[in-house]
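Good morning, everyone, and thank you for making time for this.

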Amino acid sequence: MNELECVETMDKAGQQYWDRHWESIPQSEFKPDGGRLRDSGDAALAGLIRRAFEPLPKGAEIVEAGAADSTILPWIVRTLGASGTGLDYSEAGCERFRRRLAACSVPAEVVCCDVFAPGDGLRGRFDGALSMGLVEHFTDTVAVVGALGALLRPGGRLLTLIPNMRGSVGALQRAVAPSVYRVHVPLSAHDLAAAHAAAGLRVVDSGYLQPMGFSVVNFNEPSASRVGYWMRRLAVAGLARISWASWWIDRHARLPRSVLFSPWAYCVAERPVAK
Ligand SMILES: C[S@@+](CC[C@H](N)C(=O)[O-])C[C@H]1O[C@@H](n2cnc3c(N)ncnc32)[C@H](O)[C@@H]1O
């Protein structure tokens, strides 16, 4: 088996899965700045991105891996004044992302390639790298985190976010769309940090984002009937409202972030500078 065939066997979703995904799902928006309760998830994510990339200078080069149709990278370019590159192996996803960039007039490079085979021009080039919903699709977490770390220059920062499939979000995902649940490796924040350390990176911070958040659950189970689709959609929307209530409480008295209820786990790490 050659190196790329090896990578294919550890990829639980695969390129065709993502091409179908990007040809069918509606576009979303990132609204971190309005102060509305329902956008608290976006605001929490924006805060984490600012903290993770805070040490980087204006004009820093930041790459998002798995950037298909990203709402985050255009925000990073505009708000942090970074130079952005989006990398994804799904051609359909890259095409959507090119259209989004053109529509919001944000200059960013789009590279359609596998993160395990990015080409020499990308390896060791970036001051910052992020991925959101990518590494948990691979059975070898250390290998995929290592591939992300290889995009960084020494001293560069990596922010990795994954949906928390270990707690109640994972249980709901398994109940409403088992085929979607099956393409994930359920990892805790501790597992994620350990994988970054094992990949040779220095862990700066890791934990869970937000006390609760069920809107991260994907309710699109391909085998479901029309009625089944709407029942799933309504169940997730109802639970999402309960998370909004937790966000309101969290504004007044900070609630704990936990493996049981938080929607996202994250890790911030640095590529060490050789002595
Ligand atoms: C959950 S989506 C992330 C979407 C986007 N970041 C967002 O927040 O809307 C994961 C993305 O990772 C991409 N991906 C998965 N494995 C990859 C690989 N080995 N190389 C490059 N992209 C990959 C998929 O094509 C997919 O677009």
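Predicted model: local features only at pLDDT ≥ 70, side-chain atom pairs only at ≥ 80, totals over all residues.

Let me begin with strand β4, residues 126-132, where six of the seven residues are buried, so this strand is largely enclosed by the rest of the structure. Buried here means under 20% relative accessible area, with exposed being over 50% and partly exposed in between, for a 1.4 Å probe and protein chains only. Helices (H or I, at least four residues) and strands (E, at least two) are DSSP runs, numbered from the N terminus.

Residues are numbered from 1 along each chain as its sequence is written, and side-chain values use heavy atoms, with hydrogens and water left out.

Which strands sit beside β4? On one hand, four bridges join β4 to β1, residues 61-65, in parallel, and A65 has S131 of β4 as its bridge partner. On the other hand, six bridges join β4 to β5, residues 152-163, again in parallel, with A129 partnered by L158 in β5. Two strands count as paired if DSSP finds at least two bridges between them.

Stepping back, seven strands form an open sheet with mixed pairing, in the order β3-β2-β1-β4-β5-β7-β6. The edges are held by β3 (108-112) and β6 (202-209), and each has a single partner strand, so one side of each is left without a neighbour in the sheet.

Turning to the helices, α3 (residues 40-53) lies across β1, β4, β5, β6 and β7 (264-270), and runs at about 160° to β5. Helix α5 (residues 91-104) packs on the sheet, touching β2 and β3, and its direction makes about 170° with that of β3. Contact means heavy atoms within 4.5 Å, and the axes are lines fitted to C-alpha atoms, for helices over the stretch in contact, with angles from 0 to 180 degrees between N-to-C directions.

Finally, which element gives the largest share of the lining of the second largest pocket? That share, four residues, comes from α3, while α3, β6 and α10 (226-252) each supply at least two residues of this lining.
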